[in-house]
Amino acid sequence: MALLRIPDEGRVLSDPEAIRSHLSPHGIWYEQWPVAGRVDRQATAEQILTAYAPEVDQLKARGGYITADVIDVTADVPGLQAMLDKFNKEHTHAEDEVRFIVRGSGVFHIHPNQGPIFAIEVMAGDLINVPAGTLHWFDLCADRDIRAIRLFREKAGWTPVYSGSDVAVGYQPLCFGPNYLPAGTPRAATLPELSA
Ligand SMILES: [Fe+2]
């Protein structure tokens, strides 16, 4: 279940309806899909897409997405840091960034046109949509572990368009989910493929 933090106001929302109410004015969807018992940790991408086909098909119809794939990132992925660093800077995309978290966790920071920056920590079972053109950045949690379904129209739409702002450096990607690691652990970084 996601957590939504508004650092500048010192507020944390954990109730799904409160989270949805906060996200809705920004055109961001937040849903929770059941995950218990649907796939195991060793499931292939095809098995995951088959298991979640009902929800994925509904999302395709809702958002006009053409296809879906699965990304799988762990801390031992070669070259991870270089890729991660591309997406923890404020950016937008030409198309929606839609992610359903099958395993692990991460943090999206959203910089809305109006109102304070907020962070959404997503965990297994969480679906989020960051609309095209929305300023945001993404970090993994400190354990650097995530597996997610991505939906898209064209992969070219995921290319990050950087705002040039360094606002992200002022917001630590704090994670408080089941894999929470205390302060002092290395700063998590962005997952390019997930965030792209
Ligand atoms: Fe992104």
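pLDDT is the predictor's confidence in each residue, on a scale from 0 to 100. This is a predicted model, in which local features need a pLDDT of at least 70 and side-chain atom pairs count only at pLDDT 80 or more, whereas totals for chains, interfaces and linings use all residues. Residues are numbered from 1 along each chain as its sequence is written.

**View 1. The whole protein and the confidence of its prediction.** The mean pLDDT of the protein is 88, with 90% of its residues reaching 70 or more. Over residues 181-196, however, the pLDDT is below 50, and this stretch has 52 contacts in the model beyond near neighbours in sequence, two residues being in contact if their C-beta atoms, placed from the backbone, lie within 7 Å. Where pLDDT is low, the predicted coordinates should not be read in detail. The secondary structure comes to 5 helices and 11 strands, which are DSSP runs numbered from the N terminus (helices H or I, at least four residues; strands E, at least two). The radius of gyration of the protein is 15 Å, close to the 16 Å that the globule rule gives for 196 residues, so the protein is as compact as a globular protein of that length; the radius is taken over C-alpha atoms, and the rule is 2.2 Å times the number of residues to the power 0.38. Along its principal axes the C-alpha trace spans about 40 × 35 × 35 Å. Of the contacts with a separation of 6 or more, 80% are between residues 24 or more positions apart.

**View 2. Strand β10 and its two partners.** All 7 of the 7 residues of β10 (residues 146-152) are buried, a residue being buried if 20 or more other C-beta atoms lie within 10 Å of its own, exposed if 12 or fewer, and partly exposed in between, with C-beta atoms placed from the backbone. I146, A148, R150 and F152 point one way from the strand, while R147, I149 and L151 point the other way. Strand β4 (residues 67-73) pairs with β10 in the antiparallel sense over 7 bridges, where pairing requires that DSSP finds at least two bridges between two strands. In this pairing, T67 stands opposite F152. Strand β6 (residues 97-111) also pairs with β10 in the antiparallel sense, over 6 bridges, and R99 stands opposite R150.

View 3. Strand β7 (residues 118-123) is largely enclosed by the rest of the structure, because 6 of its 6 residues are buried. F118, I120 and V122 lie on one side and A119, E121 and M123 on the other, so that both faces are covered. Strand β1 (residues 3-6) runs antiparallel to β7 and is joined to β7 by 3 bridges, with L3 having E121 as its bridge partner. Strands β6 and β7 are likewise antiparallel and are joined by 6 bridges, G106 having V122 as its bridge partner in β7. These two strands form a hairpin with 6 residues between them, and G115 in the turn has a positive phi of about 95 degrees.

**View 4. The largest nonpolar core around I120.** A nonpolar core is a set of buried Ala, Val, Leu, Ile, Met, Phe, Trp, Tyr and Cys residues joined through C-beta atoms within 7 Å. The largest such core has 46 residues, of which A2, I101, F108, I120, I128 and I149 touch the most other members. The largest share of this core, 7 residues, comes from β6. Leaving aside its neighbours within four places in sequence, I120 is in contact with A2, L4, V107, F108, I110 and I128.

View 5. D139 lies in strand β9 (residues 135-140) and counts as buried, with 27 C-beta neighbours inside 10 Å. D139 and F87 are 52 residues apart in sequence, and their C-alpha atoms are 7.5 Å apart in space. R144 lies in the loop between β9 and β10 and is also buried, with 23 other C-beta atoms within 10 Å. The phi of R144 is near 50 degrees, a positive value in a residue other than glycine.

**View 6. A45 in helix α2.** A45 lies in helix α2 (residues 45-51) and is partly exposed, with 15 other C-beta atoms within 10 Å. Leaving aside its neighbours within four places in sequence, A45 is in contact with D69 and V70.
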